[in-house]
Amino acid sequence: MTTNNLGPKAGSFTPAAGVHWLTPWYDLGLAVLTRERRWRDELVAQIAPSSSDVIVDLGCGTGSLLVRLAATEPRAELIGIDPDPAVLDRARRKISRAGAAVQFIPGFGREAARLLQGRSPTKIVSSLVFHQVPMAEKSAALGAAYSALGPGGTLHIADYGLQRTELMRSLFRATVQNLDGVEDTQPQADGILPELMRSAGFVDVAETRVIPTPTGSISLFRGVRG
Ligand SMILES: C[S@@+](CC[C@H](N)C(=O)[O-])C[C@H]1O[C@@H](n2cnc3c(N)ncnc32)[C@H](O)[C@@H]1O
């Protein structure tokens, strides 16, 4: 948890790059430090957007995943949710430059069910969000995603998961935990996410990929709303 993140207290969140003043450098840092193209391409392949999909990106940040989803299937309906007005501004500009259409909604993961009422999402996706939110928010956001999806809807997450080797643990400590703190990030590094997904009600939960990066390994997860 960063010093500006007061945990589950309403209105507080860890910004994209850990601290607000680094937000303009977030996209560049991500590209350089996370092998972004590799895990985003694999995530989009796993999401496999179709023309009838309503896809919600929880914690959409600057909109990089939404741009790729729109390029892959322009007919899918896309919605981005994020609590940070500064990243939403960047996301709107990026989507507009890409000539894509996305609806952006300010808000937290835990609010997803309420924010998405009447929209019937078929897929909820999220990248690099869960590692930097408090435990209570991880569970609440997964519960809200479950409630927002209809039966058979799917959840797709890319995030730092179980750090399996000493090298990955050291890199994760030196980078992500330095920026985002230990309290919120350590449960991720200990591999808690699949367990939390199951507790929220998701079935067929699987860690589908583990991708080593200079900041620790990033895993892809998938779950089905039973
Ligand atoms: C590391 S960035 C990832 C952004 C984007 N998903 C990506 O892949 O580049 C984490 C994002 O999660 C957002 N965030 C922080 N707390 C959140 C919460 N409780 N619910 C939803 N989003 C949150 C931040 O504002 C930030 O944009």
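Let us begin with helix α7, residues 166-174, whose buried residues are Met168, Leu171 and Phe172. A residue is called buried if 20 or more other C-beta atoms lie within 10 Å of its own, exposed if 12 or fewer do, and partly exposed in between, with C-beta atoms placed from the backbone. Seen down the axis of α7, the buried residues fall within an arc of 100°, so they line one face of the helix. That arc is taken from the directions from the helix axis to the C-beta atoms. On the other side of α7, Glu166, Ser170 and Ala174 are exposed. The buried residues of α7 pack against β5 (154-160), α8 (176-180) and α9 (186-189); here, contact requires C-beta atoms, placed from the backbone, within 7 Å.

The model is predicted, so local features need pLDDT of at least 70 and side-chain atom pairs count only at pLDDT 80 or more, while totals for chains, interfaces and linings use all residues. Residues are numbered from 1 along each chain as its sequence is written. Helices (H or I, at least four residues) and strands (E, at least two) are DSSP runs, numbered from the N terminus.

I turn now to strand β4, residues 123-127. Is this strand enclosed or open? Of its 5 residues, 5 are buried, so β4 is largely enclosed by the rest of the structure. Lys123, Val125 and Ser127 point one way from the strand, and Ile124 and Ser126 point the other way.

Which strands pair with β4? Strand β1 (residues 54-58) runs parallel to β4 and is joined to it by 3 bridges; pairing requires that DSSP find at least two bridges. Within β4, Lys123 is the bridge partner of Ile55. Strand β5 also runs parallel to β4, with 5 bridges between them, and Ser127 stands opposite Ala158 in β5. From β4 the chain crosses through α6 to β5 in a right-handed β-α-β crossover: with the strands pointing away from the viewer, the path from the first strand over the helix to the second runs clockwise.

Finally, the ligand. Of the 24 residues around it, Phe13, Gly59, Gly61, Gly109 and Ser127 come nearest; a residue is near if its C-beta atom, placed from the backbone, lies within 6 Å. The elements giving two or more residues to this shell are α3 (64-72) and α6 (135-148).

Helix α3 also holds Leu66. With 26 C-beta neighbours inside 10 Å, Leu66 counts as buried.

How values were computed: Contact = placed C-beta atoms within 7 Å.
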